[in-house]
2 protein chains.
Amino acid sequence: MLAAVMHGPRDVRFEQVDDPKILKPTDAIIKLSATCICGSDLWPYRGLQPIDGPAHMGHEYCGVVVEVGREVKTVRPGQFVVGSFCISDNTCPHCRFGFQSSCVQREFMSGAQAPYARVPLADGTLVATAELPSADLIPDLLAASDVLGTGWYAADAANVREGSIAVVVGDGAVGLMGVLAARQLGAERIIAMSRHETRQRLAREFGATDIVSERGEDGVARIKDMTRGVGADSVLECVGTQQSMTQAIECTRPGGTIGYVGVPHGVTFDGQAMFFAQRRMLGGPAPVRRFLPDLIDRVLTGKIKPGKVFDLKLPLSEVAEGYRAMDERRAIKTILTV
Amino acid sequence: MLAAVMHGPRDVRFEQVDDPKILKPTDAIIKLSATCICGSDLWPYRGLQPIDGPAHMGHEYCGVVVEVGREVKTVRPGQFVVGSFCISDNTCPHCRFGFQSSCVQREFMSGAQAPYARVPLADGTLVATAELPSADLIPDLLAASDVLGTGWYAADAANVREGSIAVVVGDGAVGLMGVLAARQLGAERIIAMSRHETRQRLAREFGATDIVSERGEDGVARIKDMTRGVGADSVLECVGTQQSMTQAIECTRPGGTIGYVGVPHGVTFDGQAMFFAQRRMLGGPAPVRRFLPDLIDRVLTGKIKPGKVFDLKLPLSEVAEGYRAMDERRAIKTILTV
């Protein structure tokens, strides 16, 4: 089949690869209904994260099961499934504790920017819908696989609840999904920090009540100003740089919580500063599997439309342009039809 | 009056100082029933934290009110009171959020290793008992002022609850109070990390179910072993060094929580390591005022005997020996009679 392979920085090719095969009895093969490009794919694309030879890209996926290994019990060919970008058995102690992204058998999904993909640990990783969803819901269901699930985890880790004041640092796709999640979890006020007009508009559509376009110290001062000097209850850090992390910490009230989901690149914390700042922190790769049944339900019942985060739709064959558009910030997130 | 003054590393003197006076209308003057030396007093004593000229030491206190400023409304002369080492108004947004140790008017108490002391913001800081407590309860009530309150916060911040597996890193007075707190908060298993026999014994008395005497990697391996490879739900970090913090993080299960109350000295966290470790963290100076009414009640009703943590009792005039004994680890914690 033809799929997306990254050969090096800014070098993504649509080329021949081997068809995926069942390698272990717990695997499933799915036919992708759609796939997409993740903000985290841009780290290696920009040369900020080394890759180890040509990499078969893509970890966000949904589709129809075409084949399962002999030990797979909960999904069967013909079913529509959504899976997490984190492969997990969903039975180990970490999974049962709700942290499937730290599963003892954790693997990170790859090779999903393709017509077909192998999903390891299918029973633990995949969630099947009762019926085949209509085509218009595919982008929403695809989003649940990572970008929505990760934004949701940011809000969950940041302890957003009924009546919270939440700040979202980062107006990328994950940040926008964080806005949506904070809204769904009952935040009273959701302040999106964004300098880009299209993203501001989308943030408002997803539930932001306020937009702050300032960054750094000015941004923090604005947040303080808007919260009577107190700071926010919950801050969702959806970038992963030292600047954004510092901004997130300083926007949070003492005793408030930072949920950080942007993979930190070059970020350090000073223990004594953190101590006296007295902020609660939880981050990590999102345990999307914990949220998947609920997220799928919210999509199928029309409560949320996370698929609106895709503002560029291309055929898989144009995957290279999809990366370029995101790298140049011409697109927030690219969905790829297969 | 004669009180404890630190002139420099290992130089604590019992000498003449001015009697405390009402300086602001929100102040109270108390006659100390007893006072004590804190583990944190050892940082400057050991020269690991600079002091700015002679320092009037002591921040743990309970006693009888002898005078109040004209704006003080909730305590009056003759009442027995316990206060937090953190002075707070208990009305600002941070206080109402339960983080009185980040009060907008926060001050740190000082000058309590003395017969009399001035307590600023008396209404917010002090909690009065209905009656004068009997003399045998004074050590227990004094403990609430900081060492118990701080151990309690470690357990609270570490999210200890009914059925938790808790690990306590640090067998100093705060760690031992953390053991007591974890027990009171319902932990099913409390593993105290301690290499000292007297402290191990006291830890068991306070509720530890297991003792681990190994440290560092060996200690972590033992904890993993005892938790079927999973790690603890809650870890109380009660030291404040890089080694103890690393040990605390590695003993915690993914999604578990570290409550850190040892003031970090030279501690840094790597953002990406924290991200992939996926631990929740909350630390800071303990908001003792939040817990005080409950802690006083537990003492008065005989549920807890935290005063057992004092294993050396000296008259205030021998305060220098009290510091020496703690510095040399001959004593866990010194109570000073006045």
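Mentor: In this predicted model, Leu176(A), Val179(A), Leu180(A) and Arg183(A) of H6(A) meet Arg199(A), Leu202(A), Ala203(A) and Phe206(A) of H7(A). Residues are in contact if their C-beta atoms, placed from the backbone, lie within 7 Å. Helices (H or I, at least four residues) and strands (E, at least two) are DSSP runs, numbered from the N terminus.

Trainee: And how does that contact of H6(A) with H7(A) divide by class?

Mentor: The contact has 6 nonpolar, no polar and 2 charged residues. Here Ala, Val, Leu, Ile, Met, Phe, Trp, Tyr, Cys and Pro count as nonpolar, Asp, Glu, Lys and Arg as charged, and the others, Gly among them, as polar.

Trainee: At what angle do H6(A) and H7(A) pack?

Mentor: Helix H6 (residues 173-184) of chain A and helix H7 (residues 197-206) of chain A pack at about 20 degrees, with their axes 8 Å apart. That makes H6(A) roughly parallel to H7(A). Axes are lines fitted to C-alpha atoms, for helices over the stretch in contact, and angles run from 0 to 180 degrees between N-to-C directions. Angles under 35 degrees count as roughly parallel, over 145 as roughly antiparallel, 65 to 115 as roughly perpendicular and the rest as oblique.

Trainee: Now H8(A) and H9(A): is their crossing left-handed or right-handed?

Mentor: H8(A) and H9(A) cross in a right-handed way. A crossing is right-handed if the near helix is turned clockwise from the far one by less than a right angle, and left-handed if anticlockwise. The contact uses Gly216(A), Gly219(A), Val220(A) and Ile223(A) from H8(A), and Gln243(A), Gln247(A), Glu250(A) and Cys251(A) from H9(A). By class, those residues are 3 nonpolar, 4 polar and 1 charged.

Trainee: Let's switch to sheets. Which strands form the open sheet in chain A?

Mentor: The order is S2-S1-S4 (chain A), with antiparallel pairing. Strands pair if DSSP finds at least two bridges between them. Strand S2 (11-16) and strand S4 (55-56) of chain A are the edge strands, each pairing on one side only. Helix H12 (residues 319-327) of chain A packs on the sheet, where it touches S1 and S2 of chain A, and its direction makes about 160 degrees with that of S2(A).

Trainee: What stands opposite Met6(A) in S4(A)?

Mentor: Ala55(A) does. S1(A) and S4(A) are joined by 2 bridges.

Trainee: Where are the domains of chain A?

Mentor: Domain 1 covers 2-146 + 287-337, and domain 2 covers 151-283; such bounds come from an automatic or database domain assignment. Their C-alpha centres lie 26 Å apart. The contact takes 12 residues from domain 1 and 14 residues from domain 2 of chain A.

Trainee: Last topic, the two chains. How many residues of chain B are in contact with chain A?

Mentor: There are 30 residues of chain B in contact with 30 residues of chain A. H10(B) gives the largest share of the chain B side, 5 residues. That side of chain B divides into 16 nonpolar, 11 polar and 3 charged residues. Strand S16 (residues 268-270) of chain A also runs antiparallel to S16(B), with 3 bridges joining them, and Phe269(A) has Phe269(B) as its bridge partner.

Terms used. Residues numbered from 1 in each chain as written. Chains lettered and ligands numbered in written order. Predicted model: local features only at pLDDT ≥ 70, side-chain atom pairs only at ≥ 80, totals over all residues. Contact = placed C-beta atoms within 7 Å.
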